[in-house]
Amino acid sequence: MRSKFRIKALAALTAIVIAGGLSGCLDGGGDSGSSASSGSSSGNTGGSTGGSTGGSTGGSTGGSTGGSTGASGGLAAQTGQQSYLFFGNTNHQKLGSVTNIRIFDPAKPSTILTGSDDIMAVSTGRPQPTTALTGFSAADNSYTDLFMDKVYYVKGGSPKVASLKMTVTHNDTTHNDDLSKPTESAHGNASGLTNPAYTEIFYMGVKRFLTATNANNKSVIVFPSADSTNSPEDFSNKTLLSVFYPAWGQAASGIVVYDKNTKKFQKMTPSKAGCSACGEDATNATFTDFTGLSVASSYAFLGDIAGTTQSALIADGKLYVLDRATMAITEKSVSPKNTSTTLANLLGTSGKGSYKFSGDSAYYVLKGSDNIANIYRVNAKTGELTQLTKDHGASGTIPSKFLAATDEWIFYGTDGLTLAVKKSADKVSPTLLSENTKTHGQRYPFNFGIGADYLYQTYDVNTTTGKTTYHACVFSGAGVNTCKDNSFWGAVTAARKGKLNFTSDYRYTPYAYVRVDDTDDFGGGSLKVVDPAKPLDGGFEVGKVPTYNFNTFMHGYYYLNSMVDSNGYVVIYGKRDDNFVGDAFLLNLNKAGSVVNLSNEVAPSSALINSGDLHCHGRYCSVCHNFAGGKIYGDKAGSVEATGYNIKFEFADGSSKLARLGKGKGENFSLLHSDIKGDFTPVVVSAADGSEIKRGAKQGHAGLSYANCDWCHARSGDTLRYGAPSVINTVK
């Protein structure tokens, strides 16, 4: 059986792992294609069917600080500035968000030092941590210390900030040293703000700029270092693009913005020089136009060329380089190499196109009229336009989503396909990492491009027992894929001493990976700390957390560049699929038995989960739907989401099983694979009283041979697979 994403050059591809597809609430919800062969994974030339314990060929270019075994058996402890940590209780109505913030000393987790309740839905309600690094050397982009610096949030329309730095104070009377206590402070003097959102700027660490609407219905911006005396700056009709600095590594002295009225790019200088001490006064900010580009009817700011003062952008269908030192914008002549396409074709009718910026280049996907899709690179420094992939056909949806970047590879695909191509490729066949089948699936990865390695995970279902087996996989810079059975990726933390990386998604040197081994059907198991230089090695166990799964938005996406340990401690978030509880866990990367549940939440009601428009409660969609689950629609076209219904599985032996309900608006049934007993008849029932609404074909599903309902019954706009008559619906 071939999926609709099958590509013509499949037989020529190497390094293949047949697995499942990508989906996610980031792009409108979705369900993982799942399914499996009889409980085994198909490895490529560098992988293994039974898993690998030796790590990926090529390993990681980062490694950990020290990298040796510490006294307690983990990685060598890191030294430097230590920080307080924080956590929040899950908001089940908003995607990956929390309802409050609690700041604590990791050595005394039961004592909350400060915190706030009912924090506003800033970027869907997540506190926004920042990092700071010291001892930076522009000669080799190294740094000598990295730490969590501050955390920002909005409460009742007023922005707040708390310092996370642990500083020592000296008591002259007792001559004892005491740690200062973190306190909540006003982040600027604004009040009555609505529609707050933080923008992350990565420069010498992570900085957060707050934009919002004030009481006069005007847009304003609050700089990271604003204190209680500073008013927000007017930011009407402007878009934040980057920070301004005279030379790479020097202090920022303003921000780069786009003015929607004048259609000009500008430098915005706050009232007090130097963003390291931005005191904002709305009447004194200055705006200076860049020269060389006066009007742009459409534009896309591609990103900063890290390690330089330059940024790349597309304006009116042309490539430009914006120099933040000279305040000039220069058009770059685009010279095609080994391709007949043009920049205009890549950009499409919108003038922007779908792209990913990495290093000094933008990567685009282009579908031609003959249904051919290819990846192209536009080098912002040289203006060279290169075709990376060899022509390959695809029926249906084109692989158009960019997923991640490592030092040497770009990863892209669709909800059912993951492909990779080298950044330096010249018309080559792409490498197939995963493709949906009936009984295999790829758990939505963190999109972890870290140095030379790309981390992701797959799973398969044993069609006899229903056992779900997970595989933590590493695709190396050498193009070799290696996987470890019964394992799942959890988190990555940063080294306090290392080098900035400008060619992969992860900018710091990694210190530790958190991996879950000996996984159960939910993805819970033994939490292991592993050296990034040996990602699939045995690791060091810090505790067991069964049933919980740690593939969450909080640390796998939103806090990716902000997770630095404090005396070995970090906070990670887990989610239980059996009762929808989301909890924050404290663990010490260097101490066995250190796992502590910080939040201990009660199970939410289905009504609570379903009352929000953005559900998923901190998890990628396919994580919720890796079981035999999916959506129920009110029409056969899959355009009307139905609520108040469930699915009952009637088995050939006369028994039945009601699927669990309550995973979000309109998509709400899920059954463990291990609960399926042979062939079954699916019955749509009322969630209120269990009365039958309609039933499917009698015993037509071959049990676990079709292990995920939504993969065959598809979603709105998708093609049905394997003879499925329609989406799952309530229409008789």
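Biologist: Which cysteine sulfur is closest to the sulfur of Cys709, and how far away is it?

Modeller: The closest one is in Cys712, 8.3 Å away, which is too far for a bond. Before going on, note that this is a predicted model, in which local features need pLDDT of at least 70 and side-chain atom pairs count only at pLDDT 80 or more, while totals for chains, interfaces and linings use all residues. Residues are numbered from 1 along each chain as its sequence is written, and side-chain values use heavy atoms, with hydrogens and water left out.

The distance matters because a disulfide is counted here when two cysteine sulfur atoms lie within 2.5 Å. Cys709 is buried at 15% relative accessibility; buried means under 20% relative accessible area, exposed over 50% and partly exposed in between, with a 1.4 Å probe and protein chains only. Cys712 is buried too, at 7%.

A search of the whole structure does find one disulfide. It joins Cys473 and Cys483, whose sulfur atoms are 2.1 Å apart. In general, such a link is a covalent bond between the sulfur atoms of two cysteines. The link of Cys473 and Cys483 is right-handed, with 105° about the S-S bond. Cys473 sits in strand S37 (residues 468-475) and Cys483 in strand S38 (residues 481-485), ten residues apart. Strands (E, at least two residues) and helices (H or I, at least four) are DSSP runs, numbered from the N terminus. Cys473 is buried, with a relative accessible area of 0%, and Cys483 is buried at 6%.

Burial also marks two strands elsewhere. In strand S19 (residues 264-269), five of the six residues are buried, so the strand is largely enclosed by the rest of the structure. S19 pairs with strand S18 (residues 254-259) in the antiparallel sense over five bridges; two strands pair if DSSP finds at least two bridges between them. Asp259 stands opposite Lys264 in S19. The hairpin of S18 and S19 has four residues between the strands, and there Lys263 takes a positive phi near 55°. S19 is also joined to strand S20 (residues 286-289) by four bridges, again antiparallel, with Met268 opposite Phe287 in S20.

Strand S9 (residues 158-163) is mostly covered, with five of its six residues buried. S9 pairs with strand S8 (residues 145-155) in the antiparallel sense over six bridges, and Val154 stands opposite Pro159 in S9. The hairpin that S8 and S9 form has two residues between them, and Gly156 in the turn has a positive phi of about 55°. Three bridges join S9 to strand S12 (residues 184-186), in the antiparallel sense, where Lys160 stands opposite Ala186.

Most residues other than glycine have a negative phi. Asn237, however, has a positive phi near 60°, in the loop between strand S16 (233-234) and strand S17 (238-244). Asn237 is partly exposed, at 37% relative accessible area. Asn567 has a positive phi near 50°, lies in the loop between helix H2 (553-558) and strand S45 (569-576), and is partly exposed at 48%.
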